[in-house]
Structure formats: structure tokens, C-alpha cells
Amino acid sequence: MIISVASGKGGTGKTTVSVSLALSLKDKAKLIDCDVEEPNAHIFIKPIITEEYPVCAIVPEIDSGKCKLCGKCGEICEYNAIAVMPDKPGVKGQTIVFSELCHGCGACMYFCPKLAIKEKERKIGLVQKGYRAGLGFIQGKLNIGEAMSPPVIREVKKRMSAETTVIIDAPPGTTCPVIAAINGSDYCVLVTEPTPFGLNDLVLATELLEKMKIPYGVVINRSGMGDGKTMAYCQKNGIPVLMEIPFRKEIAMSYSRGRSIVEDFPEYEKSFIQMVDNIRVYVEK
Ligand code: SF4
Ligand code: SF4
């Protein structure tokens, strides 16, 4: 079973919930950190890393000897990743590739009439595998300055197997990286906080999950602060509230020391295990 943990916005406690779920399940789980722009589950898991793989993206390389500066590649690229500068008096034109903007779609290579574009690989990040006690751990890391996280996320997911319960810590938001991370999940846990911003982003996240047809429930973190509108929204729309984590200074302090809830407050372990059991019943139905 694959459970992804997502949130419409950052800072809601998504990683807190992912890590706590994984640590509660112990050797019956694998934790996959797909928040590749800022992976931080490792701070709490403290895994022993045993394997590392580079992640490369395909980018075009121009053969200036063959290129006739026709401009076709620049017109075709949806992402403005190629610019063709025509010849000017006394200045030779050139075709320039902006690799960081390239999405590797291959359209420019396909349509170049002079076969002047080849593929080349460029390292954009890495995947690391490891463990803590019996808990399996995989994380992706996108290199600083790179914009394309989905290829790294896909490489991370290729290396997971769903034999055990897989917990995916997804990136925050509702854009392409989140879709890449949660695609294929059996269930999604949406972590939110009971504030107007939290509710606004929760609504966006639920709309995404409805479109992707992934069943979901909500964890309200820092329950007790803010207002009751998030709970009212869930009740009105028939969204299960899987758990409420109270707003407690001790939990925040524990987080700031790189400790998970279940390590410092073991009374929560039962609630996290129960949450997974309830999700399993729902998914198997
Ligand atoms: S399409 Fe090919 S020939 Fe035309 S500008 Fe681009 S690389 Fe050069
Ligand atoms: S591979 Fe696609 S995204 Fe990259 S430069 Fe060519 S057309 Fe643009």
C-alpha cells in the first residue's frame, strides 16, 4: 500500500506526520522523501545511507557545424529553452540552449531540419537509499539552482517497492512536483493547520486529489490554534479527519531539535498505527 503525505502549503507539519507514520510502523514501512528541493525527513530519521545514484536529465546539444540558424527549434520550444541569434553584419549568429529551462521533451531534436541537435546528459540531482533499524529509507535531492524536480522524483519512486507500506513525503503545493510524487498512491493524507491560509491551500489540494481520483483524508496539525473553519469544511464535504495533533509548545521544541513526535511523545504511536489501519481497511474495501 502506498500512502502519500501532502499539504497545500509548506510548514504545515507534513514531514512530521510522514516521519511519525513511518517510525510507528517500524520495519513494516519504507519512508520515501520526494520533497527533493528540500528533503528534510533524514534529519528526523538519521538513516545510514548505503547506496547513491546520480539523476541525469536529457538536454539538447547543438552541432554548430550543421546548424543553419533557421530558428525552428526556438519556435517549437514551449519553455524558451533555446534562443537562435541570426547572423548580423560582422557577428556570426548562434543557437544557445538554456539547460536549466529545458524539460527534455525532445521536440527541438525531432523537428530540426538539419539534424543539428543531439541529446546529452546533465546531472541534476541524486537518489540515496538507506535504512534506520528495519525501516527502509529513500530520498531524492535536486541540485541547487535546478528547476526540474519531477525527473528526480520519478527516479526516487522507481527504486521503491510496494511490498511493505510505503509512506511518501510529497513536496508542498499543488503543482507538477506534487503530481509526480503522489501519482499512483492508494491514499493521500493531507496535512493542514486550522488557519485561513491553511484552509485556502487545503481546498486547492482537495481539488487536485479529486481530479487525480486519489482518496484522501485530513490531519489537522496545531489543532486548537486558529478557528474551527477547517473542521467545518471537512465535515460539510464528507472528508474524514484522520487525526488532530494539538498545538503544544513541547511538540514544536521537539521538532526544532530534530526529534519526531513518536520519539518524544510515544503515546501518539498508537494513533498513527490506527490511522494506517483505518486507511488500509478503506483501501482494501
Ligand atoms: S532547428 Fe536545427 S538548424 Fe534550425 S536553428 Fe535549430 S539547431 Fe539550427
Ligand atoms: S528538449 Fe524540449 S524543452 Fe528542451 S530545449 Fe528542446 S524543445 Fe525545449
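**Reading contacts, cores and ligand shells**

User: Which residues is Ile 168 in contact with, leaving aside its neighbours within four places in sequence?

Analyst: Two residues are in contact if their C-beta atoms, placed from the backbone, lie within 7 Å. For Ile 168, these are Ile 2, Ser 4, Val 5, Ile 32, Cys 34, Ala 181, Ile 182 and Ser 185. This is a predicted model, in which local features need pLDDT of at least 70, side-chain atom pairs count only at pLDDT 80 or more, and totals for chains, interfaces and linings use all residues. Residues are numbered from 1 along each chain as its sequence is written, while chains are lettered from A and ligands numbered from 1 in the order in which they are written.

User: Is Ile 168 buried or exposed?

Analyst: A residue is buried if 20 or more other C-beta atoms lie within 10 Å of its own, exposed if 12 or fewer, and partly exposed in between; these C-beta atoms are placed from the backbone. Ile 168 has 27 C-beta neighbours inside 10 Å, so it counts as buried. It is part of strand β8 (residues 165–169); strands (E, at least two residues) and helices (H or I, at least four) are DSSP runs, numbered from the N terminus. Leu 31 is 137 residues away from Ile 168 in sequence, yet their C-alpha atoms are 6.1 Å apart.

User: Which residues touch the most other members of the largest nonpolar core?

Analyst: In soluble globular proteins, nonpolar side chains tend to be buried together. A nonpolar core is a set of buried Ala, Val, Leu, Ile, Met, Phe, Trp, Tyr and Cys residues joined through C-beta atoms within 7 Å. The largest one here has 73 residues, and Leu 31, Ile 167 and Ile 168 touch the most other members. Helix α1 (residues 14–25) gives this core its largest share, 6 residues.

User: Why is helix α5 largely enclosed?

Analyst: Helix α5 (residues 150–158) is largely enclosed by the rest of the structure because 7 of its 9 residues are buried. Among them are Val 152, Ile 153 and Glu 155. The buried residues of α5 pack against β2 (29–33), β3 (48–62), β6 (117–132), β7 (135–142) and α6 (176–182).

User: How many residues surround ligand 1?

Analyst: A residue is near a molecule or strand if its C-beta atom, placed from the backbone, lies within 6 Å of it. Ligand 1 has 14 such residues, with Cys 67, Cys 70, Lys 72, Cys 73 and Cys 112 the closest. Ligand 2 has 13, of which Cys 77, Ala 81, Cys 102, Cys 105 and Cys 108 come nearest.
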